[in-house]
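Hi everyone, thanks for making time this morning. I'd like to walk you through a fold, so let me put it up on the screen.

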Amino acid sequence: MILDLIPEAARAAGLGALMKGAGKVTRYIPIPQPTLLVGPGSSVRLAEAIAGFGHGKLLIVTDAILAKLGILKGITAALDASGTPYAVFDEITPDAPIPLIERCMAFYRDEDCDAILAVGGGSSIDAAKAVCCAIANPRPLRKLAGYLKGRASPVTLYAVPTTAGTGSEVTVAAVISDPQKQDKIVIIDPRLVPRMAALDPSLMAGLPPPVTAATGIDALTHAVESFIGQWASEYTEGLSLAAVQMIFANLREAYSNGGNLVAREKMALASTYAGMAFTRANVGYVHAIAHQFGGRYHTPHGLANAMVLPHVLRYSAPDIVPRLAALAVRAGLGDESERDDELAEKFMAGVEQLNRDLGIPTTLEKLQEKDIPALARAACAEAETYPVPRYMTVKQCEALIRKLLPQKADKAEKAAASDKKAAAPKKSAPRKSTKKA
Ligand SMILES: NC(=O)c1ccc[n+]([C@@H]2O[C@H](COP(=O)([O-])OP(=O)(O)OC[C@H]3O[C@@H](n4cnc5c(N)ncnc54)[C@H](O)[C@@H]3O)[C@@H](O)[C@H]2O)c1
Ligand SMILES: [Fe+2]
């Protein structure tokens with residue numbers, strides 16, 4: 001790569017120009033969209049529709065928790081009623097590793113299936129996408145990582161997301177993990193977008209609050225990173241802003257009152273809009289860093305994003321004040337009459353407050369100082385493929401990641417406590433003397 005020969009400081013400027021140019025081309029790449037069914041019961045309507053498409057046998061790809069919770073019941077009942085044959089693979093785990101994808105592929109072949117219905121969070125949908133691609137292109141999964149590596153069109157896929165976060169039902173990407181390299185790999189192909197999808201809030205009512213929180217901030221991160229990046233277009237901006245508005249208006253309610261299907265449906269739509277925005281306009285440093293935490297420490301994707309988002313926003317702020325101001329207005333955190341710098345600060349503070357309200361931790365327990373240089377290097381290498389508004393050097397990225405170190409927080413707390421102690425005598429002295437008197 002020519003860029004590898006350029007000193008780091010000059011690279012940032014070069015990358016910025018290169019990415020801006022690339023964005024002028026990428027916005028015209030055709031990306032299909034699934035037919036979307038929305039609302040309570042839409043997953044059953046989707047199953048009824050699939051039954052009419054004449055597949056020989058459908059493979060339902062999901063995880064064991066969802067199968068136990070009975071999330072599949074309405075779907076399988078509709079398939080049974082229509083006499084559509086299906087088999088269920090319910091072993092998907094978060095960030096599905098390559099050997100598990102290979103087991104799912106073997107199951108698909110043994111059962112002689114010819115289409116897949118993914119029911120679950122991003123992990124189940126992405127595992128299903130990887131299976132669809134690898135079945136049609138029989139070569140090692142690692143060789144399918146990257147842009148358009150499979151020649152043949154993937155197997156037909158339908159999706160029912162059960163989290164409101166990844167937007168995978170509308171994106172061109174499948175994120176899986178490579179346990180050998182302790183890394184995540186991404187297969188990217190517009191033909192991976194499912195043919196049809198259902199956003200059924202009734203399946204999300206039992207999503208535990210911490211998962212609601214983390215996945216909701218994943219959606220927020222997609223909306224924000226696609227909006228502040230250099231590939232944002234009028235089309236993606238509209239989607240990003242709508243998603244931000246819906247998330248600020250509904251995520252707290254979905255978190256504290258999961259049974260509120262109106263809030264759940266709005267979050268599902270917001271996640272889809274944000275997915276449509278970022279699958280065109282891409283993501284940025286939040287994802288680049290979060291992916292490293294996921295690969296090395298298995299930190300849930302949304303949680304990693306949520307912890308990193310405030311820091312990346314503060315780093316990027318000098319170059320994106322008007323963008324942050326526009327986000328603040330749509331998030332309902334201020335109004336257009338205010339100064340842009342004030343609104344930008346309100347948006348960053350608003351994200352930090354949202355994180356606090358959702359119980360998102362400020363430090364990553366598993367993070368170790370010795371891992372930081374490698375994490376930062378890998379994150380910066382990944383971010384070079386993203387159209388971010390302000391590039392970082394590896395040292396700057398290290399400093400950012402260091403803010404999430406648990407011992408640093410402990411130290412800061414101790415320092416704050418001793419500061420308080422030092423300050424205390426000044427106030428307590430007069431009281432003591434009053435007592436004596
Ligand atoms: N393809 C993309 O465009 C894209 C975008 C962002 C993230 N991702 C990937 O998606 C994965 C994360 O997906 P996720 O955040 O949706 O989490 P997930 O699929 O890993 O699910 C998280 C947990 O929530 C449980 N769960 C899911 N739905 C539930 C429900 N309705 N009720 C109760 N429990 C439920 C699951 O069983 C699981 O234990 C990561 O691998 C990430 O890298 C992909
Ligand atoms: Fe994400």
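Let's start with one pair of residues: Gly120 has Pro161, in β6, as its bridge partner. Please keep in mind as we go that this is a predicted model. The strands around that pair are β4, residues 115-120, and β6, residues 157-161, and they pair in the parallel sense over 5 bridges.

Now let's zoom out. Which strands make up the sheet, and in what order? There are 6 strands, and reading across you get β1-β9-β6-β4-β2-β3. The sheet is open, and the pairing is parallel. At the edges sit β1 (35-38) and β3 (86-89), each of which pairs on one side only. From one strand to the next, the twist averages 15°.

Next, the helices that lie across the sheet. Helix α2, residues 42-51, lies across β1, β2, β4, β6 and β9, and runs at about 160° to β9. Helix α9, residues 261-281, lies across β1, β6 and β9, with an angle of about 145° to β9.

One more helix, for those of you who like packing. α14 covers residues 372-383, so to speak a 12-residue helix, and it reaches 16 Å from its first C-alpha to its last, close to the 16 Å expected at 1.5 Å a residue. Which of its residues are buried? In α14 they are Leu375, Ala376, Ala379, Cys380, Glu382 and Ala383. Looking down the axis of α14, these buried residues fall within an arc of 160°, so they line one face of the helix. And what do they pack against? The partners are α10 (285-297) and α15 (394-402).

Methods: Residues numbered from 1 in each chain as written. Chains lettered and ligands numbered in written order. Predicted model: local features only at pLDDT ≥ 70, side-chain atom pairs only at ≥ 80, totals over all residues. Pairing = 2+ DSSP bridges. Helix = DSSP H or I, 4+ residues; strand = E, 2+ residues; numbered from the N terminus. Axes fitted to C-alpha atoms, helices over the stretch in contact; angles between N-to-C directions. Contact = placed C-beta atoms within 7 Å. Expected span 1.5 Å × (residues − 1). Buried ≥ 20, exposed ≤ 12 C-beta atoms within 10 Å, placed from the backbone. Arc of directions from axis to C-beta.
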